[in-house]
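Student: Got a model open here. Can you walk me through it?
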Amino acid sequence: MDLTEKILKLKKEKKAVILAHNYQRPEIQDLADYVGDSIELSRKASEEKDAEMIVFSAVDFMAESAAILNPRKKVLLPCLGARCPMAQMLTVDEIKRAKKLYPNAPVVLYVNTLASCKAECDVCCTSANAVEVIKSLDADTILFGPDKNLAEYVSEKTGKKLIPIPENGFCPTHLLFQPEDVKVLKMQHPDAVAMAHPECSSEMRKVADFIGSTSKMCRYANESPAKEFIVGTEEGILHRLRKENPKKNFYLAYEGAICPNMKLTTLDRLYASLKEEKNVVKVPEAVANKARASLERMFEVKS
Ligand code: SF4
């Protein structure tokens, strides 16, 4: 029996569900029950009524969200070292400082934040629903963190003033994309449509034909009549795009755009975590209750 078969057998025995982010390794995506972006997986995590255990193949903040939304289930993060550097860029103290400076501004946090920060905000958002969440608020000045590029993008889309907290939060992987690389690829593939994630720089977003979260990119690629796409997000998404669109061609806008944290989940680590039920993600109850309210407010916004 190979490792994948062993994992699937264990999963059944333990009534576990495996969720995998779009940036996970192909072999992890292939054995997962659900593959998606943070909002799709957050929803799945909250809808999982029958599972007793959730194995969240992704990074720390996503598994934390699953634990917050499923307080009675065991949530495992196959590799505890899989931490999102962007989420580490925002602290509770920073949020409190910003709130003192702008006492009337609501606080909206990207789900790429730690649970302790989510507990301090009014509502969460993902890159897929950030525009709708900001539009839903009865305020024109909003504190937004931790991704400055997403804040800029949402501000452009809504006309509202988004004050970034911290001043310069960013995703190190998405900042690797450069508009020059897209221009070269467009010369090589003149019919290709360029897609970029809103975590990319404004220069990169300017050369993109389509801007959206990974779930929106997948939908766009599935529905578009185009046959070739330049992809401006982490390379793991290529596996899903190619699987869902075998007759279309996808070119990564920069070959080195690999999130090392997302790749820390391997079959060996997933197996060990599930077998020994180790790397259980726990969020203190008081923090979880407040953070859950911020996540649930996000689910209430239509997107
Ligand atoms: S791709 Fe960027 S935002 Fe996503 S987990 Fe990696 S570092 Fe964090």
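Tutor: First, a definition. A crossing is left-handed if the near helix is turned anticlockwise from the far one by less than a right angle, and right-handed if clockwise. Helices (H or I, at least four residues) and strands (E, at least two) are DSSP runs, numbered from the N terminus. This is a predicted model: local features need pLDDT of at least 70, side-chain atom pairs count only at pLDDT 80 or more, and totals for chains, interfaces and linings use all residues. Residues are numbered from 1 along each chain as its sequence is written.

Student: Which crossing do H3 and H4 make?
Tutor: A right-handed one.

Student: What angle do H3 and H4 pack at?
Tutor: About 30°, and their axes are 9 Å apart. Axes are lines fitted to C-alpha atoms, for helices over the stretch in contact, and angles run from 0 to 180 degrees between N-to-C directions. H3 covers residues 38-47 and H4 residues 60-69.

Student: Which residues in H3 and H4 meet?
Tutor: Ser38, Leu41, Ser42, Ala45 and Ser46 of H3 meet Met62, Ser65, Ala66 and Leu69 of H4. Contact here puts C-beta atoms, placed from the backbone, within 7 Å.

Student: New topic. What domains does the assignment give?
Tutor: Domain 1 is 3-82 + 262-284, domain 2 is 86-170 + 291-300, and domain 3 is 174-252. Such bounds come from an automatic or database domain assignment.

Student: How many residues of domain 2 are in contact with domain 3?
Tutor: Nine, against 12 residues of domain 3. The centres of these two domains, over C-alpha atoms, are 26 Å apart.

Student: And how many helices and strands has the chain?
Tutor: 15 helices and 12 strands. Its C-alpha trace spans about 50 × 50 × 30 Å along the principal axes.

Conventions:
Two residues are in contact if their C-beta atoms, placed from the backbone, lie within 7 Å.
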